[in-house]
Every structure is written in structure tokens, then in C-alpha cells.
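Hi everyone, thanks for coming.

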Amino acid sequence: SDKKMIMQSGVECEFFLLDPTTGAVADALDASSKPCYDAMALMRRFDVISEVMTAIEALGWGPYQADHEDANGQFEINWDYADCLVTADRHVFFKYMVRTLAEKKGLRATFMPKPFVELSGSGAHYHTSLHDAATGSNVCGGGDRSTHGLGETALKFLGGVLASAPSLAALTNPTVNSYKRLN
């Protein structure tokens, strides 16, 4: 296609809140064997999570979700998608902000991919879409049920991503700890 496109992305940022002295999960009551979406564990850390949500709302990022994630002491916060460079900048700043706000509350935040062998690790899941540069409209749709609603442009884009996946893994998983999370 001769159409000029821009790529936009959104990110799901996962992190753990830890006791800075012991390095253990900071909430001793967060001990369920299946804690994903545990509302009580989320509410016990509401002071930190709500401060982060309020800050990113004030920055105009459009936060829309905060939840307790799959592991004990693990949380996730999501905000609206934007131009990829904007999302990347926001992601870097987000990590700094969460660490700073957690420290104010006497906690340590870590975005380490696999801080505990026995628990699920933290990821940064990126959602990507292509948009018409002139109109801003998403050009990934238009397919049918057999393509999960993805149109030809999206399928070609995904084909390129999949063909490049082994090389991209070196960029998206730059440390040994990153690969430990994948296992």
C-alpha cells in the first residue's frame, strides 16, 4: 500500500511492591495461591496505586485500569495508547514515578522480569496498531472471523513481526532474567 501509516502502542506495566529491608512481598496477607485480580490485596496497596493513577491522570495519559496481577505482591497499571515514541517515554517515566511513589510509602517497587523463582514474572505487554497518517484511523481491521477481524494490512504486519521474532527477542528480553520469565 502507498498509504502512509503510523504505529501506535499501549503498554501493560507489571511490577512488584516489596519490603525494602527483606526484599519479600511487602503485604504478608497477600499469600493466596491464585492471587490474580485479588481486590483485597489491591485495596491494601490502594494508597500507592491510587497515587500513581492520580498522577498519570493529571499527566493526561488516560489511565483506565489498575489491578492485582498474577503473582503475590504484583500489580499492573494501564493507560491509553499513543504514538510509539510517546508510549516508550511514558513507560520509562512510569517506572521512575512508581519507584519514587512506592519509596514515599516505605516500599520498594521492582519491574524486574523474574524476581522470584516460585512466582509469575512481570512483563511489559505492548499492544500495537497501525493507523492512517492522514486520518488517524486504525487500518488493522476489516477481516472476517477466519482472520479474527484482522485485515490484509494487519496480517502482513504481523507476518513481518513473526518473521523477525527471534531477532526482536534480543531487544525485548535483554537480560538473562528476562529469559527466566519466559520459561
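Before anything else, one term: when I say two residues are in contact, I mean they have heavy atoms within 4.5 Å of each other. With that in hand, take the contacts in this chain with a separation of 6 or more: 66% of them involve residues 24 or more positions apart. And please keep in mind that this is a predicted model.

Okay, the overall layout. The chain has 5 helices and 6 strands, and reading along the sequence you get β-α-α-β-β-β-α-β-β-α-α. The C-alpha atoms fill a box of roughly 55 × 35 × 30 Å along the principal axes. Of the 183 residues, 37% count as buried. The chain exposes about 10700 Å², and carbon and sulfur atoms supply 58% of that.

Now let's zoom in on β3. How many of its 6 residues are buried? The count is 6 of 6, so to speak a strand that's mostly covered. Q74, E76 and N78 point one way from β3, while F75, I77 and W79 point the other way, and all are buried.

Who sits beside β3? On one hand there's β1, joined to β3 by 5 bridges, with the two running antiparallel. In that pairing, E12 stands opposite N78. On the other hand there's β2, residues 63–68, which also runs antiparallel to β3 and is joined to it by 5 bridges. Here A66 has I77 as its bridge partner. The hairpin of β2 and β3 has 5 residues between the strands, and G73 takes a positive phi near 75° there.

Skipping its neighbours within four places in sequence, I77 is in contact with a whole list of residues, including V11, F15, I49, I56, A66 and F94.

In soluble globular proteins, nonpolar side chains tend to be buried together. In this model the largest nonpolar core has 22 residues, and F15, L17, I56, I77 and F94 touch the most other members. The elements giving two or more residues to this core are β1 (5–18), α2 (46–58), β3 (74–79) and α3 (84–104). Apart from it lies another core, of 5 residues, with L18, A71, F116 and L119 among them.

Next, A109, which you'll find in strand β5, residues 108–110. Is A109 buried or exposed? A109 is buried, because its relative accessible area is 7%, and the cut-off for buried is under 20%. Leaving out neighbours within four places, its contacts are F16, L17, V98, R99 and A102. A109 and Q74 are 35 residues apart in sequence, but their C-alpha atoms are 9.5 Å apart in space.

For contrast, look at K156, in helix α4, residues 152–172. K156 is exposed, because its relative accessible area is 58%. Its C-alpha is separated by 47 Å from that of L29, 127 residues away along the chain.

Last stop: the cysteines. How many disulfides does a search of the whole structure find? It finds 0.

Note on methods. Residues are numbered from 1 along each chain as its sequence is written. This is a predicted model: local features need pLDDT of at least 70, side-chain atom pairs count only at pLDDT 80 or more; totals for chains, interfaces and linings use all residues. Side-chain values use heavy atoms; hydrogens and water are left out. A nonpolar core is a set of buried Ala, Val, Leu, Ile, Met, Phe, Trp, Tyr and Cys residues joined through side-chain atoms within 4.5 Å. Buried means under 20% relative accessible area, exposed over 50%, partly exposed in between (1.4 Å probe, protein chains only). Helices (H or I, at least four residues) and strands (E, at least two) are DSSP runs, numbered from the N terminus. A disulfide is a pair of cysteine sulfur atoms within 2.5 Å. Two strands pair if DSSP finds at least two bridges between them. Accessible areas come from the Shrake-Rupley method with a 1.4 Å probe; for residues, only the protein chains shown count as cover.
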